Amino acid sequence: MPLSEIIVNTGNILNSEHLKKRVNLGPQEELVDSLREALKSSAAELKKGAADKPDSRWACGDTTSDLFAEESREELKITVKIFLMDVTKESLISAVNETLRQLQVNTLDLLLLSVPSNNYDQFKEVWAALEGYAKSGALESIGVSDFDLAEFDKLYEAASVKPSVNQVNLESCCVIPPELSDFAKKNNVQLLTHNDPRTMLEPESVADILKSADLACLEPETCTVAWLVRYSAMVKLRGVVKSRGFIFSIHQKK
Amino acid sequence: MGLLTEGTPLSWEETKKYADHVRRHGIRQFIALHDGLKDRKNDGLKWGEEIEYILVHFDDANRRARVALRAVDILPKLMQAEKEAAMNGDEHPSLPSLWRPEYAAYMVEGTPGQPYGSEPSDWSEVEANMRARRKEVQALLPEGEAVLSISAFPRTGCSDFTFPPSVPTPKDGISRSLWFPDAAIFPDHPRFSTLNRNAVQRSGQRALINLPLFKDERTPSPFHEDFSALGDEGEAKAAAKDDHIYMDAMGFGTGCCCLQVTFQASDLEEARLLYDELLVLCPLMLSLTSAAPIFRGMLSDHDCRWEVISCASDDRTAEEKGLQPLKNDRYRIPKSRYDSVDCYISPLSEQYNDTELLVDEDLLKVMLDAGIDRQLARHVAHLFIRDPLSLFAEQVNQDDEHGTDHFENLQSTNWQTMRFKPPPPNSSIGWRVEFRPMETQLTDFENAAFSVFIVLLTRVILTYKLNLLIPLSKVDENMQQAMKRDSAKEGRFYFRKDILTGPTTRPFYEKWFGLGKHEYTKMSLNDIFNGVENEFPGLIPLVEDYLKDLHLDVHTSCTLHRYLRFISLKASGELQTTASWMRDFVRSHPDYKQDSVVSEEINYDLMKTCQKIGNEEIQEPKLSTQHEVMRKNSKGEGVKQIFCL
């Protein structure tokens, strides 16, 4: 019988076994590879879960957080990017809560939101939910990804907690349109670079991952990915990256 | 830089008498330092770079370039702000730059006023700081003189190479060289002339450098020089080798410039780890930055200064060199005190120390008895086989619990490819590591790129727990490769095949059967830095992967990626090394006679061009990608855009 939602955490993918395989993989390949691994290694757990408690949420993969083995929370900068496929308040809340839970922290330093459409009206509920977290102190700062000036301006005007970051693609980091960089300067917005594709997980990749994990409880045709999170933790005073990983949520349609 | 305490230098005989005293107290000082500071933890990343510059005088009317003996004039002005701050009791003033004298009267050395930090945005400020320093010196120079970041002045030692004019004094003075005048030694600090004089007296002879000559089509073969007209009474004749560029003064080497990077580690363990990992990279970075293919006005068969400066600073006696049986000296010493590192210093690297390490056994015992671990003790005991080369009367007696001058005396006169630096007493500075092999490049863009790259590599080593270790004997072989002409493009260097799996203990017997032969292989710089698909990740792709998690702002991202691209192209050979470019410049010059000689004419044009490149008046696309950025337009076509800073 199918499970209703499964949260998969890849754990820290910076260890050497992983690295050997994935160095020079593009961001999508890195993601797909890590998720596939995580699902495979949790297969037994998931099968049991499907048998014991269907209709519930299961977290699997590497759920131990080694973030604080050597450093304290204050020494780390934790940055999270949410690729929100199901653009609803519920999914956003699930993503943030689950991330906090998986990382075993109460706060995140920066949360970046990537949505399929940058039209404010399409995601304003989601943004409001983010603002809630920011106001409560769970998120130190919030931002968006790949917004052009018009889209960003609209968000900035409407927001009660202003976005402090807009991500721009690495390809164009040397040729930022002057209007965008002026706006950013004037309003204390950071323009940070990334090289993620717009769609991190194509539906075919999801089906592919699920098929290769070979879990009867997860029929690919009935599964969707509601959200995907990439997290990274860096030791601020040393510039050493402690951890990088992915968390994603698979929903079963009933 | 070296120890610049002021004072009255003792004569060589007196300095020699105190050798044991300095060593014994130096060890006590090291033990006190170590004990007090070994548990220091959590120091953040702070780092800095040092660039040495050469001052050049241009006589445009007669098309002559000479070294300008100008350091005495401009250094007091450069150091003014720091001196005033010190007089007002401010030991750590907030200045944009700091300046120090160097060996030659035509050199100055500059560093940033404050260390750079751990914020990537700091790292994109390095270039601007360097540019400001260049301007600062240039502003103090009279019309017709310029500051250049070149590794060596090509016609050092040739007739009439200084301005104002000066003559060598082979029969007396400090260098006693056939070519290098004492006037070219920086006069205002006793350290340099004292070091020189004492090295000559200790070794019993003038510096002895034989640099392989580049034999071109019309170079005499064999190439043989007659020095009698210069006043040689036989010493030069006996010392000089055919087909070599013979040099006989410390100044030929210590008058060269380099680019050094020092950074603070979070604790003692990390400092030792990074020291070891980076020492493997020394030969590779030397090769990539090589910029000194011309000495005494002739093209050499080496691309860099290393051999010259190593021999120039060599104070070993004939006995120590193994040319005579040991009678008066303690040891047969394989290397000059200026040369590559002789041992790894962290516990897991001990297995790769496959060369014989010469140590002072008595001092080693003192350290072991005091609880210093074996590897660290052996490292220091190796540095301390040397005699102090200079000692000031005021320094002789010190409080070993609080002073460190005796330790620093020997520490700072072992000039190796890496330096492991304990914290100074009573300061906020932690355990540091200095990366020393690189040669200065012509522009601030290039110098910034190389400096920042080293720091990025350290972060990558720590983030991915990379293991670059290979047997030390192979690192030594890499050094020999690195010096050679065109090594950057043609050379093959031993490198570890699997750098992603951490170090593990080897079976003890491997030491006898050829240590881990299967662990390393010969690779080109292109392979090492850019990777081999499905086989080897490449250092630059690893840095790019690391940068993803730093969430860089656009300016920093642009800067760092441009630096990586520049280094990637240097490693692949698409960009020439500075040395290779200089060779081509000489050999295609109308005045060149295919005889290895770099005439006054050629030298003038070369120096003028280097000056203009350094000032960014002209661009040299064969050397650097500073002014070009390839970006794809919306159709996916490659578009060249000129990037303006």
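**Helix packing and the chain interface**

Tutor: In this predicted model, helix 9 (residues 268-289) of chain B packs against helix 15 (residues 444-464) of chain B at an angle of about 140°, their axes being 11 Å apart.

Student: How are helix 9 of chain B and helix 15 of chain B oriented to each other?

Tutor: Only angles over 145 degrees count as roughly antiparallel; helix 9 of chain B and helix 15 of chain B are therefore oblique to each other. Their crossing is right-handed. On helix 9 of chain B, the contact residues include Glu270(B), Leu274(B), Leu281(B) and Met285(B); on helix 15 of chain B, Phe450(B), Phe453(B) and Arg459(B) are among them. By class, this contact of helix 9 with helix 15 of chain B comprises 12 nonpolar, 2 polar and 3 charged residues.

Student: Which residues meet where helix 12 of chain B packs on helix 13 of chain B?

Tutor: Leu364(B), Met367(B) and Leu368(B) of helix 12 meet Arg374(B), Ala377(B), Arg378(B), Val380(B) and Ala381(B) of helix 13. The contact holds 6 nonpolar, no polar and 2 charged residues. These helices, residues 361-369 and 374-383 of chain B, pack at about 145° with axes 9 Å apart, and the crossing is right-handed.

Student: How many residues of chain B are in contact with chain A?

Tutor: There are 34 in chain B, in contact with 32 residues of chain A. About 2,900 Å² is buried between the two chains, 54% of it from carbon and sulfur atoms.

Student: How many salt bridges are counted between chain B and chain A?

Tutor: The count is 3. A salt bridge joins the side chains of Arg238(A) and Glu270(B), at 2.5 Å from N to O. Glu270(B) also belongs to the contact of helix 9 with helix 15 of chain B.

Technical notes: Residues are numbered from 1 along each chain as its sequence is written. Chains are lettered from A and ligands numbered from 1 in the order in which they are written. This is a predicted model: local features need pLDDT of at least 70, side-chain atom pairs count only at pLDDT 80 or more; totals for chains, interfaces and linings use all residues. Side-chain values use heavy atoms; hydrogens and water are left out. Axes are lines fitted to C-alpha atoms, for helices over the stretch in contact, and angles run from 0 to 180 degrees between N-to-C directions. Helices (H or I, at least four residues) and strands (E, at least two) are DSSP runs, numbered from the N terminus. Angles under 35 degrees count as roughly parallel, over 145 as roughly antiparallel, 65 to 115 as roughly perpendicular and the rest as oblique. A crossing is left-handed if the near helix is turned anticlockwise from the far one by less than a right angle, and right-handed if clockwise. Contact means heavy atoms within 4.5 Å. Ala, Val, Leu, Ile, Met, Phe, Trp, Tyr, Cys and Pro count as nonpolar, Asp, Glu, Lys and Arg as charged, and the others, Gly among them, as polar. Buried area is the accessible area (1.4 Å probe) that two parts lose on being put together, summed over both. A salt bridge is a side-chain nitrogen of Lys or Arg within 4 Å of a carboxyl oxygen of Asp or Glu.
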